[in-house]
Amino acid sequence: MNAAKRRAIFERLKAANPHPTTELEYETPFQLLIAVLLSAQATDKSVNIATRKFFPRYGTPTAMVELGEEGLSEYIKTIGLYRTKAKNAIATCKLLLERHGGEVPQSREALEALPGVGRKTANVVLNTAFGQPTMAVDTHIFRVSNRTGIAPGKNVLEVENKLVKFVPAEYMQDAHHWLILLGRYICVARKPKCPQCGIADLCEYKHKTPLQ
């Protein structure tokens, strides 16, 4: 895919959704960090249902440490892998208090040093909470990048690096959100909704779903 076509794709995505953001509900960088940590292999909707119940009272590292692993588990047991996530979340809270004064660090290295926080989670927090031009590649973005031809790659890191290289600078801040929403609702895994897609004519996928 050439640069002009990529630019046209992001121009359309911006026109359709000028101010995209995460579907996770949060009020602070810390709450976003916890929500993203909980969202691994779970839907944003299921995470929001759980966090609405405990963020108002336990939405800070100090309060969450006081809640404890068992207490947190009770709130998030409807989410997959909840015991591991509760353990990591409480451990992360303790490290935030010990190393960062209870604040979420704004560097990838510091974020990835927190329990349960990998590269994708760090990228989401850096992008969404702190406005850094990072690219968090999940299954949706990996699929869309390969299927459309925007940034084909054999693994997540290869796709991430290509997106960082190829996405025009003025679209980089919001590109993650546009691509994840496209993959979540239109360019779905089993049968993409090509007739409903605003970039179908620019997409290089060879097996587009035909118009009904």
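A residue is called buried under 20% relative accessible area, exposed over 50% and partly exposed in between (1.4 Å probe, protein chains only). The model is predicted: local features need pLDDT of at least 70, side-chain atom pairs count only at pLDDT 80 or more, and totals for chains, interfaces and linings use all residues. Residues are numbered from 1 along each chain as its sequence is written, and side-chain values use heavy atoms, with hydrogens and water left out.

View 1. A disulfide is a pair of cysteine sulfur atoms within 2.5 Å, and the structure holds 0 of them. Cys194 takes part in no disulfide, as the nearest cysteine sulfur, that of Cys203, is 6.5 Å away. Cys194 is buried, at a relative accessible area of 14%. Cys93 is also buried, with 0% relative accessibility.

**View 2. The ring pair of Phe10 and Trp178.** Rings of Phe, Tyr and Trp (its six-membered ring) pair if their centres lie within 6.5 Å; planes under 30 degrees apart count as stacked, over 60 as edge-to-face and the rest as tilted. Here the centres are 6.4 Å apart and the planes stand at 50°, so the pair is tilted. Phe10 belongs to helix 1 (residues 3-16) and Trp178 to helix 10 (residues 172-185), 168 residues apart. Helices are DSSP runs (H or I, at least four residues), numbered from the N terminus. Phe10 is buried at 0% relative accessibility, and Trp178 is buried at 4%.

**View 3. Charges over rings.** Such a contact requires NZ of Lys or CZ of Arg within 6 Å of the ring centre and within 35 degrees of the ring normal. Arg6 lies over the face of Phe166, 3.9 Å from the ring centre. Arg147 has its charged end over the ring of Tyr205, 5.0 Å from the centre.

Note on methods. Helices (H or I, at least four residues) and strands (E, at least two) are DSSP runs, numbered from the N terminus.
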